Amino acid sequence: MSRFSHGRKKFRSLAATLTMAFVILLAVVLVLFNCLNLYNFFQHNQEIIINRQELMAKEPANAVRSFIQEKFNLMVLTVGSDNLLTASEERQRAVLSNLMGREPSFRQLVLLNSRGREVARLSRFSAQVAGVLSAKNLQEAFSQAFSGKEYISPVIIDETSFEPMVIMAVPLTDILGESLGVLVAEVNLKFMWDLIGALKIGDKGQAYVVDETGNLVALRDVTRVLKGENLRHLEIVAAFVNKKTAFLSQTTIGPGVMGTRVIASLVPLGKPDWAVVAELPLAEAYRPVRVMVVSSFFFMLISLVMAIIAGVILVKRITKPVAEFGNVLRELGQGNLRTRVAVTARNEFGELAGYLNKTINALSLLINKAREMVKMV
């Protein structure tokens, strides 16, 4: 009895075994197929996200670069029109007034001679308002520009207006290229605050500008700019600040300016030595990937359920003849020679059923003959 019970405990339904094997095999195939598709989709979308992010950063970078270059071009065009240093005071003021009228961002213009002394000055403010053109800043601008190079200072926050300013300077040269003096301009960069504040990077992204030391130049939250916040702790800004050679555009994933994980692209301006960074939260940047993952999961779940249903139906069709054979053999073991297997399938099971029925018929005939012989004896 114990041996029989032990054997029964080890019994495992063929239908359950086949169903389990079919489901496991299909599940492995579905998982591998979906994982491969997700990996390819992720790689493809990562390239798209990075390219899109770099384009987002290039737009404000080009705007800032164009603004600065436009101011230099106007100043060079002005000093190249005639020799301002030898012109009359009235002529000097007229030229400077015309330049200031053409460019609203110019707050002050100062003309310096070859010794760095002030020859003419034009300001939008009264004489009591000095702006950021202090004697020290003028001397720095003169020493840099008189060597023949265009000069732009780091960003200076005006203590009166709390607006970002830069000092720009270009040399005045003769026909031989020798420096005769310097034209200095105090330029208002408030437009960058307006540009960065209005710039739309996705739904929750933002852009900002940093200088060569990592200090914030423009950000939607201008209070952080006014505090002189430095962003060198951010990986992408640190890479720009610590550059050893010419720095190209770069995209990284890590903490952003708001402390959340973002995908950030940095585009250097060249001149000035600033950079524009565009950030997009990772959750938003990889939203298509998340949607794809969820869709793939539900597709795989539905496919698995359908496969289980199909597997159960298929296994039943396979195991039903086996079960019928078992029932017939059980009946035979109990002496029922009238039992037969229904021949319904035109396959190996159908042939086997036919052979079994013939065997039962032959056995039944033999038993009947044996009984008749016993009666005769």
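Is Phe-298 buried, partly exposed or exposed? Phe-298 is partly exposed, with a relative accessible area of 47%; buried means under 20%, exposed over 50%, and partly exposed in between (1.4 Å probe, protein chains only).

This is a predicted model in which local features need pLDDT of at least 70, side-chain atom pairs count only at pLDDT 80 or more, and totals for chains, interfaces and linings use all residues. Residues are numbered from 1 along each chain as its sequence is written, and side-chain values use heavy atoms, without hydrogens and water.

**View A. The structure holds 2 aromatic pairs.** Rings of Phe, Tyr and Trp (its six-membered ring) pair if their centres lie within 6.5 Å; planes under 30 degrees apart are stacked, over 60 edge-to-face, the rest tilted. Phe-142 and Phe-146 are stacked, 5.0 Å centre to centre with 25° between the planes. Phe-142 is buried at 9% relative accessibility. Phe-146 is partly exposed at 25%. The rings of Phe-297 and Phe-298 have centres 5.8 Å apart and planes at 75°, so this pair is edge-to-face. Phe-297 is partly exposed at 46%.

**View B. Strands β1 (residues 106-112) and β2 (residues 118-123) pair in the antiparallel sense.** They share 5 bridges; pairing takes at least two bridges found by DSSP. Strands (E, at least two residues) and helices (H or I, at least four) are DSSP runs, numbered from the N terminus. Leu-109 stands opposite Leu-122 in β2. The hairpin has 5 residues between the strands, and Gly-116 takes a positive phi near 85°.

**View C. Buried residues of helix α10 include Gly-350, Leu-356 and Ile-360.** Their cover includes α9 (287-333), where contact means heavy atoms within 4.5 Å.
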